[in-house]
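Thanks for coming. I have one structure to walk through, so please look at the screen.

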Amino acid sequence: AARVAQLIHWVSPERAARTLLRAAECAREDRAVGRYDLPTILLHGAQDVAVPLAMGQALAALGARAKLQELYTDCHYLTWSHTEACVAAVKELTPA
């Protein structure tokens with residue numbers, strides 16, 4: 001409930017409603033992510049209001065070669081707020 005209140009405080013009620021509906025769609029069993037075995041780096045804002053850190057941790061736990069990198073931010077759009085970290089993650093996974 002506190003996360004929803006934060007979301008509504010930061011964005012319009014209409015946008016918050018759309019975000020919550022999308023989150024409900026993602027939670028459907030037929031859309032669940034299963035185990036995966038690909039080299040993966042997940043970047044996640046530790047205080048992300050749109051997607052709680054626990055969801056990033058759960059996704060990382062499904063990957064045999066996944067690494068979760070928590071960034072100290074509440075921003076959901078990390079390519080805008082933490083561009084350098086995103087570029088470094090891509091470089092780490094890209095063969096030279």
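First, a caution: what you see is a predicted model.

The chain has five helices and two strands. Reading from the N terminus, their order is α-α-β-α-β-α-α. There are 96 residues in the chain, and 22% of them are buried. The accessible surface is about 6900 Å². Carbon and sulfur atoms account for 62% of that surface.

Next, contacts. Take those between residues at least 6 apart in sequence: 68% of them join residues at least 24 apart.

Now to helix α3, which spans residues 53-62. Which of its residues are buried? They are L53, G56 and A60. These residues lie on the same side of α3, because the arc they cover around the axis is only 60 degrees.

What covers the buried residues of α3? The cover includes both β1, residues 40-45, and β2, residues 66-71.

That brings me to T40, which is part of strand β1. Is T40 buried or exposed? T40 counts as buried, because its relative accessibility is 19% and the cut-off for buried is under 20%. Leaving aside residues up to four places away in sequence, T40 touches R65, A66, K67 and L93.

That is the end of my part.

Notes: Residues are numbered from 1 along each chain as its sequence is written. This is a predicted model: local features need pLDDT of at least 70, side-chain atom pairs count only at pLDDT 80 or more; totals for chains, interfaces and linings use all residues. Side-chain values use heavy atoms; hydrogens and water are left out. Buried means under 20% relative accessible area, exposed over 50%, partly exposed in between (1.4 Å probe, protein chains only). Helices (H or I, at least four residues) and strands (E, at least two) are DSSP runs, numbered from the N terminus. The arc is that of the directions from the helix axis to the C-beta atoms. Contact means heavy atoms within 4.5 Å. Accessible areas come from the Shrake-Rupley method with a 1.4 Å probe; for residues, only the protein chains shown count as cover.
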